[in-house]
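I opened this notebook to record what I looked up in one structure.

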Amino acid sequence: MILPHILQAHVRSRIIGYRQTWEAVIFLVIFIGSFGYLAHVMGMANMMNTLMNTAYDLLISTVFFLMGITVLMGALSKLLVEFGVVSILEKMLRPLMRPLFNLPGVAALGAVVTFLSDNPAIISLSQNGKFARYFKTYQFVSLTNFGTAFGMGLVVVVFMMAQGYTAAPLIGVFGACVGCLTSTRLMQRFTLKAHPEYDAYVVQYTTTDAPTIDEQAHGDEDAQQKLVQKPGVFMRTLDAMLDGGKIGVNLGMAIIPGVLIISTVVMILTFTTADGEYSGAAYQGVGLLPRLADKVDFIFKWLFGFQNSQILAFPMTALGAVGAALGLVPSFQAQGLLDANAVAVCTAIGMCWSGFLSTHAAMLDSMGFRHLISKAISAHAIAGFVAGIAAHWAFVLYEYLQGVF
């Protein structure tokens with residue numbers, strides 16, 4: 001009886017050894033092939049300098065900016081919770097949030113703060129126990145997808161309106177909402193299918209003290225009783241801002257690896273140089289992703305109504321950073337490539353995706369759900385296409401109604 005067990009253990013160890021060997025070989029092939037391609041196009045020295053300069057510029061210009069956002073939004077969210085705004089939002093918006101997004105009404109606060117700032121602002125809210133207590137775990141995880149769909153929304157809308165368009169950006173906001181609905185629901189479905197045990201509250205309660213429907217709508221009466229015993233308004237305000245700010249600092253540090261690593265890779269594959277010459281400066285690249293998208297541009301012309309395949313560079317760039325994607329718009333307009341439909345679609349996709357490839361991983365990692373990153377990215381990738389399609393056909397309907405009336 002002992003011998004068969006020894007043989008089984010030996011065979012198992014050999015299989016594991018072979019698997020590890022093949023994983024190492026495949027990794028080396030992909031790694032060397034990828035960097036070999038970049039070095040062949042850009043030159044080894046230029047490639048290395050671009051990687052380092054891009055990562056450095058992202059750290060200085062983007063990460064510290066995002067950290068400032070998380071600090072301010074952390075303070076703001078703490079204030080909103082401290083003075084009962086969260087409870088008011090719950091009562092006002094719960095009838096809308098629950099049937100559409102399957103989220104408590106307080107989740108609407110996440111849409112507001114990300115619309116006014118950027119994706120990571122949702123993490124500041126998620127770290128607050130009073131906010132998180134309203135969510136079951138599968139709903140809590142989907143907050144990443146929900147908040148990201150509105151990231152930098154105000155910036156995108158105002159920027160597009162500054163180009164001379166009014167109705168098209170607002171139609172784009174509608175498309176982003178459709179994308180948000182798609183992403184949030186898909187993420188919840190994916191999560192529950194893989195982890196049925198996540199159908200429980202994030203903050204664990206016994207069956208007798210779990211938040212009831214009435215508590216979720218009107219707030220915790222015990223907490224309101226304690227409010228009377230708290231210090232004065234000035235001290236409560238100061239404590240809330242400082243405590244929320246500290247949470248924001250920790251979150252800002254947590255997103256650094258994801259932003260630097262993923263954004264650098266996405267940008268070097270997305271951007272290129274005007275004259276084809278490389279100097280090792282930040283944000284230079286091989287332009288691979290736009291070229292690949294150009295091969296199937298006929299699909300996107302039908303789905304999005306784009307009249308020129310070059311506009312595909314906007315959604316491809318928005319995968320890494322919507323701010324960088326907005327930088328393409330003036331050149332599109334100068335070349336006569338931009339029309340109202342393209343503005344509506346780019347607004348929808350820009351808001352919905354808003355650089356989610358560079359932030360989703362870091363956001364879920366900081367929330368403690370790293371194992372769900374692939375599901376979140378898959379759901380949000382689909383949602384971006386849905387947002388663009390919804391914006392395009394909503395714009396077609398808008399033009400038809402204009403012609404009728």
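**Entry 1: the chain.** The model is a predicted one, in which local features need pLDDT of at least 70, side-chain atom pairs count only at pLDDT 80 or more, and totals for chains, interfaces and linings use all residues. I number residues from 1 along each chain as its sequence is written, and side-chain values use heavy atoms, with hydrogens and water left out.

I noted an accessible surface of about 19600 Å² for the chain, 68% of it belonging to carbon and sulfur atoms (Shrake-Rupley method, 1.4 Å probe). For secondary structure I recorded 22 helices and zero strands; these are DSSP runs numbered from the N terminus, helices being H or I of at least four residues and strands E of at least two. Of the contacts in the chain with a separation of 6 or more, 79% are between residues 24 or more positions apart (contact: heavy atoms within 4.5 Å).

**Entry 2: α9 and α20.** I found that the axes of helix α9 (residues 153–162) and helix α20 (residues 340–353) come within 9 Å and cross at roughly 165 degrees. Axes are lines fitted to C-alpha atoms, for helices over the stretch in contact, and angles run from 0 to 180 degrees between N-to-C directions. The two helices α9 and α20 are therefore roughly antiparallel (over 145 degrees; under 35 is roughly parallel, 65 to 115 roughly perpendicular, the rest oblique). I listed Gly 153, Val 156, Val 157 and Met 160 of α9 against Val 343, Cys 346, Thr 347 and Met 351 of α20 as the residues making the contact. By class I recorded six nonpolar, two polar and no charged residues (nonpolar: Ala, Val, Leu, Ile, Met, Phe, Trp, Tyr, Cys and Pro; charged: Asp, Glu, Lys and Arg; polar: the others, Gly among them).

**Entry 3: α22 and its partners.** I looked up helix α10 (residues 167–194) and helix α22 (residues 373–404), whose axes come within 7 Å and cross at roughly 150 degrees. That angle makes α10 roughly antiparallel to α22. Their contact has 20 nonpolar, six polar and one charged residues.

I then turned to helix α16 (residues 297–304), which packs with α22 at about 55 degrees, the axes 8 Å apart. That makes α16 oblique to α22. From α16 the contact takes Phe 300, Trp 302, Leu 303 and Phe 304, and from α22 Phe 385, Gly 388, Ile 389, His 392 and Trp 393. I counted these by class as seven nonpolar, two polar and no charged residues.
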